[in-house]
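Keep the viewer open as you read.

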Amino acid sequence: MARCKEFPTLKNDLLIRAARGEKVERIPVWVMRQAGRYLPEYRELRKQYDFFTICQTPELACEVTLQPIRRFELDAAIIFSDILVIPQALGMEVLMKPGIGPVFTEPLNTPADMEKLDMNVDVIEKLSYVYEAISLTRCRLEGTVPLIGFSGAPWTLMAYMIEGGGSKTMNKAKKWLYASPNESHTLLQVISKTITKHLIQQVVAGAQIIQVFESSAEFLGTDAFNKFCIPYLKEIATNVINGLLDRHIEPVPMIIFAKGASHSISKLSYLGFDVVAIDWLVDPKVVRDFCHITVQGNLDPCALYSSKSELKEMVKTMVEDFGVRGYIANLGHGIYPDMDPDSVKTLVDTVHSVSEELIRKGDIFTQLYT
């Protein structure tokens, strides 16, 4: 597993330009969870290795990252990893159980349990496998598309660490916010600092754009979101930029995805991120009224179950509603494991063909920026 001496020159920079609000020849498209269980080649690999073994083995993580790039004309690769590598780095054991998902063997039951965490974790040492996978993948992509790095956001990770896995209510984690707000802020601060280090190191390793997943934002009302999410998201954006500049590295574009936080899209657009990703509940026709930066999204993942003709029509409508400037096409959340890969091909090809035609005609070209 040798890293190339120099990373290959990027040939397709559509995603980078779109993230920065620049002109593009066609709308870039990628898919959240595009490397994973819906691909038969991934399922074959999983017969030999468990989930976290793949994540923690750079050669395997690289292979899985490249699988959808070989199949589809996607405009980005996203490193195969998991948001729960942060709790693991902090000293928590996480198992991936078939049919259940992630399970924490010893979740944080009370604020006193925070004493078990490695508050000053050496991220570079603990998560070296992520950075090695990123560097290796950058080489093997050969500049075809940019590579995305990512992390979960503080509240989302805190919720997992307390709930011990997925939850329909997140009531255990939310209890902390209301019954132990000071301790909650302490935990969120620890997680935030760890995320910041992780994101910076991903860029150092070769990530060309990064996304922060606040996937559990939907469980919080506006006031709680403003108190327990917004400050830490802003802190991460600011500190990642400053941390890269301190290392004489040009900051890369950053995407924030807060699922279910349509009430705060305007605030999210002023935190220092370059792109706000939205879920399928947000109307593309109105999002431009309160978001001044690039938008990513937001096809309902279930739309991929439609017939090819119906899917093409829905994608066409989505592209026309968002406009072709300052827009990155994606789903409104991750792709489901039982999805037909052919539907992904239809999504990708339709985004490209429709947007190329619109740009050629000069239609809705300056909807966001004039």
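Which residues do ring pairs link into a cluster? They are Y42, F51, F52 and F80. Bear in mind that this is a predicted model.

Start with the ring pairs. A search of the whole structure finds six aromatic pairs. One of them joins Y42 and F80. Their centres are 5.6 Å apart, with 50° between the planes, and the pair is tilted. It links distant parts of the chain. Y42 sits in helix α2, residues 40–46. F80 lies in the loop between β1 (77–78) and α5 (85–89). The two are 38 residues apart. Both Y42 and F80 are buried.

Now turn to F213 and F257. Their ring centres are 6.3 Å apart. Their planes stand at 90°, so this pair is edge-to-face; the cut-off for that class is over 60 degrees. Two strands are linked here: F213 belongs to β5 (residues 209–214) and F257 to β6 (residues 254–258). Buried means under 20%.

The structure holds one cavity of 30 Å³ or more. The largest cavity has a volume of about 40 Å³. Its lining includes A258, I265, L268, V276 and D279. Two elements, α13 (265–268) and β7 (275–277), each give two or more residues to that lining. By class, the lining residues are eight nonpolar, two polar and one charged.

How values were computed
Residues are numbered from 1 along each chain as its sequence is written. This is a predicted model: local features need pLDDT of at least 70, side-chain atom pairs count only at pLDDT 80 or more; totals for chains, interfaces and linings use all residues. Side-chain values use heavy atoms; hydrogens and water are left out. On a 1 Å grid over the protein atoms alone, a cavity is a set of points where a 1.4 Å probe fits but cannot get out, and a pocket is an open set with protein on both sides within 12 Å along at least five of seven lines; lining residues have an atom within 4 Å of a point. Grid points are joined across faces, edges and corners, and a volume is the space filled by probe spheres set on the points. Helices (H or I, at least four residues) and strands (E, at least two) are DSSP runs, numbered from the N terminus. Ala, Val, Leu, Ile, Met, Phe, Trp, Tyr, Cys and Pro count as nonpolar, Asp, Glu, Lys and Arg as charged, and the others, Gly among them, as polar. Rings of Phe, Tyr and Trp (its six-membered ring) pair if their centres lie within 6.5 Å; planes under 30 degrees apart count as stacked, over 60 as edge-to-face and the rest as tilted. Buried means under 20% relative accessible area, exposed over 50%, partly exposed in between (1.4 Å probe, protein chains only).
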